[in-house]
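Here is a friendly set of notes to read alongside the structure. Please keep the view open as you go through the points.

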Amino acid sequence: QVQLVESGGGLVQAGGSLRLSCVASGRTFSSVGLGWFRQAPGKEREFVGAVSRRSGSLYYADSVKGRFTISTDNAKNAVYLQMNSLKAEDTAVYYCATLLSWPRTPSDYWGPGTHVTVSS
């Protein structure tokens, strides 16, 4: 079993920044990495970015490349998503999930999500 909890969401103006956190516990060593995903109102869930558990490699969706950065703190079992230059279209519920395959296939373990609202 894996437990994931996201935090750090909120309301921010366009152009601003937020940092999301995902803290993991349980059998995280069985996954190939951790990914961030988001789902905007009325839209399908989409991939945002991922970090490989073994190599630390990073991978981002084109829509966030250059604006979002993933980092990790192994001592805290935490993965962060630093979001800069936020746009209204970044408004969504953001989820972290363990990965079944690299770089964007999630497993069945998801956090409850954290809401991000970007006002224009």
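**Notes on the cross-links and the core**

1. The structure holds one disulfide (a pair of cysteine sulfur atoms within 2.5 Å). The model is a predicted one, in which local features need pLDDT of at least 70 and side-chain atom pairs count only at pLDDT 80 or more, while totals for chains, interfaces and linings use all residues. Residues are numbered from 1 along each chain as its sequence is written, and side-chain values use heavy atoms, with hydrogens and water left out.

2. Which residues does the disulfide join? The partners are Cys22 and Cys96, with an S to S distance of 2.0 Å. Cys22 belongs to strand S3 and Cys96 to strand S9, so the link ties together parts that are 74 residues apart in sequence. Strands here are DSSP runs (E, at least two residues), and helices are runs of H or I with at least four; both are numbered from the N terminus. The link is right-handed, with 70° about the S-S bond.

3. Are the two cysteines buried or exposed? Cys22 counts as buried because its relative accessibility is 0%, and Cys96 is also buried, at 0%. Buried means under 20% relative accessible area, exposed over 50%, and partly exposed in between (1.4 Å probe, protein chains only).

4. Next, the salt bridges. The structure holds four of them, each a side-chain nitrogen of Lys or Arg within 4 Å of a carboxyl oxygen of Asp or Glu. One of these pairs Arg38 with Asp90 at 2.9 Å, N to O. Arg38 sits in strand S4 and Asp90 in the loop between S8 and S9, so this pair ties together parts 52 residues apart in sequence. Arg38 is buried, with a relative accessible area of 4%, and Asp90 is buried at 1%.

5. Asp90 also forms a salt bridge with Arg67, where the closest N and O atoms are 2.7 Å apart. Arg67 lies in the loop between strand S6 (58-60) and S7, and Asp90 in the loop between S8 and S9, so parts 23 residues apart in sequence are tied together. Both Arg67 and Asp90 are buried. Through shared partners, salt bridges join Arg38, Glu46, Arg67 and Asp90 into one network.

6. Do look at Asp62 as well: its salt bridge is with Lys65, the closest N and O atoms being 3.1 Å apart. Asp62 counts as exposed, at 66% relative accessibility.

7. Now for the largest nonpolar core, which has 31 residues. Such a core is a set of buried Ala, Val, Leu, Ile, Met, Phe, Trp, Tyr and Cys residues joined through side-chain atoms within 4.5 Å. Leu34, Trp36, Phe68, Leu81, Met83 and Tyr94 touch the most other members. Among the strands that each supply at least two residues are S1 (2-7), S3 (18-26), S4 (33-39) and S11 (114-119). The largest share, five residues, comes from S9.

8. Two further residues are worth a visit. Val116, in strand S11, is buried at 1% relative accessibility. Leaving aside residues up to four places away in sequence, Val116 touches (heavy atoms within 4.5 Å) several residues, including Leu18, Leu20, Met83, Asp90 and Tyr94.
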